[in-house]
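Please open the model in a viewer and keep the selection tool at hand.

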Amino acid sequence: MATAASSNFLSASSLKKPSYSSLASSLSWRNPLSNVFSVSVATPRRLGQRRAYFVVLAMDAKPTVLVTEKLGQAGLDLLKGFANVDCSYNLSQEELCTKISLCDALIVRSATKVTREVFESSGGRLKVVGRAGVGIDNVDLSAATEHGCLVVNAPTANTVAAAEHGISLLAAMARNIAQADASVKAGKWERSKYVGVSLVGKTLAVMGFGKVGSEVARRAKGLGMHVIAHDPYAPADRARAIGVELVSFDEALSTSDFISLHMPLTPATSKILNDEAFAKMKKGVRIINVARGGVIDEEAIVRALDAGIVAQAALDVFTVEPPPKDSRLVHHENVTVTPHLGASTTEAQEGVAIEVAEAVVGALKGELAATAVNAPMVPAEVLSELAPFVVLAEKLGRLAVQLVAGGSGVKSVKVTYASARAPDDLDTRVIRAMIIKGLIEPISSVFVNLVNADFTAKQRGLRITEERILLDGSPENPLEFVQVQIANVESKFASAISESGEIKVEGKVKDGIPHLTKVGSFEVDVSLEGSLILCRQVDQPGMIGKVGSVLGEENVNVSFMSVGRIAPRKQAVMAIGVDEEPSKESLKKIGEIPAVEEFVLLKL
Ligand SMILES: NC(=O)C1=CN([C@@H]2O[C@H](COP(=O)(O)OP(=O)(O)OC[C@H]3O[C@@H](n4cnc5c(N)ncnc54)[C@H](O)[C@@H]3O)[C@@H](O)[C@H]2O)C=CC1
Ligand SMILES: O=C(O)C(=O)COP(=O)(O)O
């Protein structure tokens with residue numbers, strides 16, 4: 001519907017009278033930051049028999065992005081075109097926690113610790129953390145997810161830089177470059193002390209055969225080394241294509257002359273090179289680490305160096321950065337160190353700055369980043385196709401939960417997707433997330449989005465099961481209908497309980513507009529806009545008129561009305577869409593119409 005959008009205003013033309021709440025709600029899906037504070041509608045003009053409205057939504061001013069570590073200029077320029085950018089380097093943890101409450105996005109490298117406290121201090125304003133690099137071990141991902149904050153990184157732009165640094169360290173270590181340089185500068189000429197070892201024909205074990213590891217392997221092969229790799233998750237064909245054999249952890253340790261580390265720091269890889277691992281290595285092995293300091297037990301490697309098991313080590317990363325000034329490891333004569341320089345080339349820094357800035361700006365606009373670390377990565381074209389179903393999903397969730405009256409609480413929800421698409425051709429994660437949003441937001445103060453939906457459901461003990469119904473027909477439409485059922489609850493509108501005992505609502509998208517098509521066992525057809533009155537009555541002439549005139553008396557505009565019945569003159573359910581919320585008096589009058597057996601007002 002949107003025809004133009006600038007940073008602060010979004011104009012939308014519509015052939016139907018617009019529903020501001022549904023516009024605002026779809027905006028808040030599109031963009032969690034788009035806080036609509038003003039809506040105006042231009043005088044309707046006639047387009048044939050239909051009216052066209054023009055809406056201007058005024059939204060909050062530019063978002064603020066806090067950058068806490070040096071970021072390439074191209075990235076900063078990109079950010080400045082969209083947001084206020086606050087570059088504050090070397091903040092203490094306390095200063096970061098204070099500043100963060102005024103920021104919508106935060107961009108960091110490896111030095112800033114984005115802890116749980118940072119997310120808690122943001123007061124819900126922080127919507128995206130961008131990591132201008134690969135490793136996200138300095139970001140508390142669980143806390144980010146729990147706070148509904150998207151985390152994006154820049155996974156590709158520094159790969160080559162890190163690989164080149166690994167190779168530089170390998171060669172520099174083998175030929176004692178750093179030590180010899182210091183010696184010459186100290187006025188000495190120690191040619192026999194700095195005799196090195198050759199690389200050609202030696203075995204290099206690449207531990208972690210991902211992006212950096214494979215680039216290191218390629219280059220090491222060019223140096224004439226025999227390269228093996230250990231990575232439990234790496235595809236064998238990638239290794240084969242580079243001519244690298246994938247081996248077990250123990251084989252990698254016991255057969256290599258050089259071991260280069262390229263895995264992420266995770267609970268499983270923390271101190272993976274420990275006393276036990278060093279004991280399995282060939283005497284005289286050489287270690288390179290451009291991954292993360294924490295993958296090596298630093299006390300154990302000092303022992304292994306002292307014992308001569310490890311002849312040399314070349315380290316770019318440390319458990320604590322910068323390492324303590326008196327670190328035995330750093331000062332060990334057989335150790336070469338650099339201050340976390342793996343990604344520090346001009347080219348890589350420009351690259352990561354652009355990569356992360358694009359992801360952060362996209363996220364602030366409400367797009368899902370392809371580099372999201374803690375949210376489903378859904379391609380833009382899939383998202384745009386699913387957009388009306390996203391609105392439908394949230395509204396079905398909202399309707400279903402408002403129908404609950406009691407029982408054991410909302411614990412068990414079944415979602416059914418009917419589609420002619422093959423299951424692997426239909427990504428329902430976004431739909432599920434929006435159903436969860438609809439189910440949870442009306443009954444709590446929690447803000448649910450794509451990032452925290454599954455977490456929030458789990459935390460509240462809400463079990464969502466999903467089922468697909470494979471339909472015949474054209475797979476052009478991603479979904480034919482969506483059904484939400486809540487089990488083990490009572491309903492304030494008994495007719496919403498299906499034959500099998502659950503609250504059941506079903507809906508579909510018609511001409512881009514979400515419709516409610518089933519309540520319990522009753523077929524209805526009402527567009528999901530404004531508020532909805534569900535009313536069960538004995539099917540008889542004049543009912544629509546009676547209810548309509550009660551609403552009309554109060555100037556409540558009925559947008560849609562539909563009646564579903566079991567059989568003529570038996571029970572029927574009337575679904576009435578209303579633009580304005582009827583007063584308590586009007587609702588009371590509806591309840592007093594003799595044939596009306598029960599009714600409920602639901603807010604969408
Ligand atoms: N020193 C520096 O400035 C830089 C450091 N890095 C670090 O390098 C590491 C690798 O980065 P990328 O290659 O881009 O990441 P990646 O995700 O492409 O590769 C990591 C690989 O490690 C593997 N892995 C996970 N657990 C493992 C285990 N227990 N044993 C063996 N392999 C395991 C994964 O399967 C994956 O193939 C990361 O820790 C990253 O933070 C990356 C860039 C610059
Ligand atoms: O990308 C990574 O994982 C890195 O370690 C690079 O760190 P940096 O951005 O240079 O602080």
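**The pocket and its ligand**

Begin with the second largest pocket, which holds about 1,000 Å³ of space. Its lining consists of 47 residues, and Val-134, Gly-135, His-262, Met-263 and Pro-264 are the closest to its centre. The model shown here is a predicted one.

Next, colour the lining by residue class: 22 residues are nonpolar, 17 are polar and eight are charged. Then display helix 6 (159-174) and helix 8 (211-222), each of which contributes at least two residues to this lining. Helix 8 provides the largest share, with three residues.

**Polar atoms facing the ligand**

- Gly-135: a backbone N or O atom lies 3.4 Å from an oxygen atom of ligand 1. Gly-135 is also among the residues closest to the centre of the pocket.
- Gly-210: here too a backbone N or O atom is placed 3.4 Å from an oxygen atom of ligand 1.
- His-340: a polar side-chain atom lies 3.3 Å from an oxygen atom of ligand 1.

Finally, show the surface of ligand 1. On its own, ligand 1 has 850 Å² of accessible area, of which the protein covers 88%.

Conventions. Residues numbered from 1 in each chain as written. Chains lettered and ligands numbered in written order. Predicted model: local features only at pLDDT ≥ 70, side-chain atom pairs only at ≥ 80, totals over all residues. Heavy atoms only, no water. Polar contact = N/O pair within 3.5 Å; in protein donor to acceptor, adjacent residues only side chain to side chain. Areas by Shrake-Rupley, 256 points an atom, 1.4 Å probe, with all protein chains shown as cover. 1 Å grid on protein atoms, 1.4 Å probe; cavity = no way out; pocket = protein on both sides within 12 Å on 5 of 7 lines; lining within 4 Å. Points joined across faces, edges and corners; volume = space filled by probe spheres on them. Helix = DSSP H or I, 4+ residues; strand = E, 2+ residues; numbered from the N terminus. Nonpolar A, V, L, I, M, F, W, Y, C, P; charged D, E, K, R; others polar.
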